[in-house]
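This report walks through one protein chain, from its overall layout down to single residues. Please keep the sequence and the model open while reading.

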Amino acid sequence: ERRAKISRRGLRWALEAVVVDHLTVSRVAAGLGVSWHTANSAVLAEGKRRLIDDPHRFDGVTAIGVDEHVWRHTRRGDKFVTVIIDLTPIREKTGPARLLDMVEGRSKQVFKQWLADRPQAWRDGVDVVAMDGFTGFKTATTEELPDAVPVMDPFHVVRLAGDGLDRCRQRVQQATTGHRGRAGDPLYRARRTLHTGAGLLTEKQNTRLDAVFASEEHLEVEATWGIYQRIVAAYRHPDKKKGKEMMQAVIDAVTTGVPTALVEIRRLGRTLKQRAVDVLAFFDRPGTSNGPTEAINGRLEHLRGSALGFRNLTNYITRSLLESGGFRPQLHSQLR
């Protein structure tokens with residue numbers, strides 16, 4: 001049938017185009033002169049045969065990251081998946097992180113079942129699991145990887161503090177002006193400056209913050225901003241031992257004696273108190289941030305945008321693995 005066959009050489013080119021050059025299936029189909037369905041079916045089948053189904057793909061994994069990901073934006077149906085990332089290359093400084101697997105749903109049971117399906121020898125080799133604040137991931141890790149150390153990574157801790165800072169700014173904005181932020185409002189104008197590290201502020205930004213904090217109405221924002229900056233400073237400190245001490249001091253400060261008016265700090269304090277061990281574990285195991293996991297999530301967002309969306313989750317998982325599964329060196333030994 002016309003436009004329905006691909007030669008072996010053409011199939012190899014198509015797989016390299018998708019994995020190495022990140023071309024869309026439409027571009028591959030146009031280059032081969034075949035239909036989209038022919039190119040898509042052939043590339044996915046060849047990718048699974050040569051790369052994804054490789055039994056050694058999971059070898060050598062000692063650190064993983066787990067997070068949720070939205071694979072489609074629809075009103076109906078489950079739109080969340082759980083992504084598992086290999087962070088071992090980041091810890092060992094041998095290359096970028098890679099997507100290990102993606103499973104439908106986001107819950108403790110989903111991650112627990114995925115871990116249970118792995119061989120016991122593989123589970124025994126994993127000693128660190130980086131995650132966000134979702135307790136389901138931690139519970140699954142504790143039950144299936146009892147010897148592994150859960151790490152609440154800096155990316156999500158800083159984001160928790162940053163979200164609290166935003167909520168405090170918005171609350172004070174509404175209470176003092178009676179409306180949401182507008183272009184001329186000092187708090188609204190400083191919304192991005194508030195998230196800039198204290199050591200990176202320009203003279204103009206310092207002047208802007210001084211003007212904001214000069215008002216007594218903004219004391220709650222200043223207090224919340226101070227906690228946010230202390231958390232950032234702890235993670236940025238070059239001496240991890242000192243950074244751990246700084247973080248412990250922050251946790252102590254936000255868990256006891258916080259005024260009732262500082263709603264956002266009290267809420268942050270409850271989370272940090274509950275996950276203190278996991279937060280502090282990062283300083284003893286640098287390189288276990290879930291930042292690379294978020295970076296891969298961004299690449300998958302780009303993949304979905306290039307494809308104008310996916311309707312089939314199985315195809316999406318396969319394309320995601322080909323996109324971010326770290327297979328480039330297997331197709332081109334000079335790439336990593």
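## Basis of the description

This is a predicted model, in which local features need pLDDT of at least 70, side-chain atom pairs count only at pLDDT 80 or more, and totals for chains, interfaces and linings use all residues. Residues are numbered from 1 along each chain as its sequence is written, and side-chain values use heavy atoms, with hydrogens and water left out.

## Overall layout

The chain contains 17 helices and five strands; these are DSSP runs numbered from the N terminus, with helices being H or I of at least four residues and strands being E of at least two. Its C-alpha trace spans about 75 × 50 × 40 Å along the principal axes. Of the 336 residues, 46% count as buried. Here buried means under 20% relative accessible area, exposed means over 50%, and partly exposed lies in between, using a 1.4 Å probe and protein chains only. Contact means heavy atoms within 4.5 Å. Among contacts between residues at least 6 apart in sequence, 64% join residues at least 24 apart.

The domain assignment gives domain 1 (8-51), domain 2 (63-152 + 289-311) and domain 3 (154-284); such bounds come from an automatic or database domain assignment. The C-alpha centres of domain 1 and domain 3 are 48 Å apart.

## Nonpolar cores

A nonpolar core is a set of buried Ala, Val, Leu, Ile, Met, Phe, Trp, Tyr and Cys residues joined through side-chain atoms within 4.5 Å. The largest one has 74 residues, and I231, M247 and L322 have the most contacts inside it. Helix α11 (residues 219-236) contributes the most to this core, with eight residues. Leaving aside neighbours within four places in sequence, M247 is in contact with I231, A234, Y235, V279, L280 and F283. There is also a second, separate core of 19 residues, which includes I64, L100, V110 and W114.

## Two helix pairs

Two packed helices are described by the angle between their axes and the distance between the axes. The axes are lines fitted to C-alpha atoms, for helices over the stretch in contact, and angles run from 0 to 180 degrees between N-to-C directions. Angles under 35 degrees count as roughly parallel, over 145 as roughly antiparallel, 65 to 115 as roughly perpendicular and the rest as oblique. For residue classes, Ala, Val, Leu, Ile, Met, Phe, Trp, Tyr, Cys and Pro count as nonpolar, Asp, Glu, Lys and Arg as charged, and the others, Gly among them, as polar.

The axes of α2 (residues 25-32) and α3 (residues 36-52) come within 8 Å and cross at roughly 110°, so α2 and α3 are roughly perpendicular to each other. In this pair, V25, S26, V28 and A29 of α2 meet W36, A39 and N40 of α3. The contact has five nonpolar, two polar and no charged residues. Helix α11 packs with α13 (residues 263-274) at an angle of about 30°, their axes being 10 Å apart; α11 and α13 are therefore roughly parallel. Here A223, T224, I227 and I231 of α11 meet I265, L268 and L272 of α13. By class, that contact has six nonpolar, one polar and no charged residues.

S324 belongs to helix α16 (residues 313-324) and is buried, with a relative accessible area of 2%. Apart from neighbours within four places in sequence, S324 is in contact with R98, L99, I296, R299 and L300. N297 lies in helix α15 (residues 291-306) and is buried at 7% relative accessible area. Not counting residues up to four places away in sequence, N297 touches D67, E68, H69 and V83.

L262 sits in the loop between α12 (240-255) and α13, and counts as buried at 15% relative accessibility. L262 and V221 are 41 residues apart in sequence and 8.8 Å apart in space, C-alpha to C-alpha. With residues up to four places away in sequence not counted, L262 touches E220 and A223.

## Positive phi in loops

H22 has a positive phi of about 60° although it is not a glycine. H22 is in the loop between α1 (8-19) and α2, and is partly exposed, with a relative accessible area of 35%. K93, also a residue other than glycine, has a positive phi near 55°. K93 lies in the loop between α4 (88-92) and β3 (98-104) and is exposed, with a relative accessible area of 73%.
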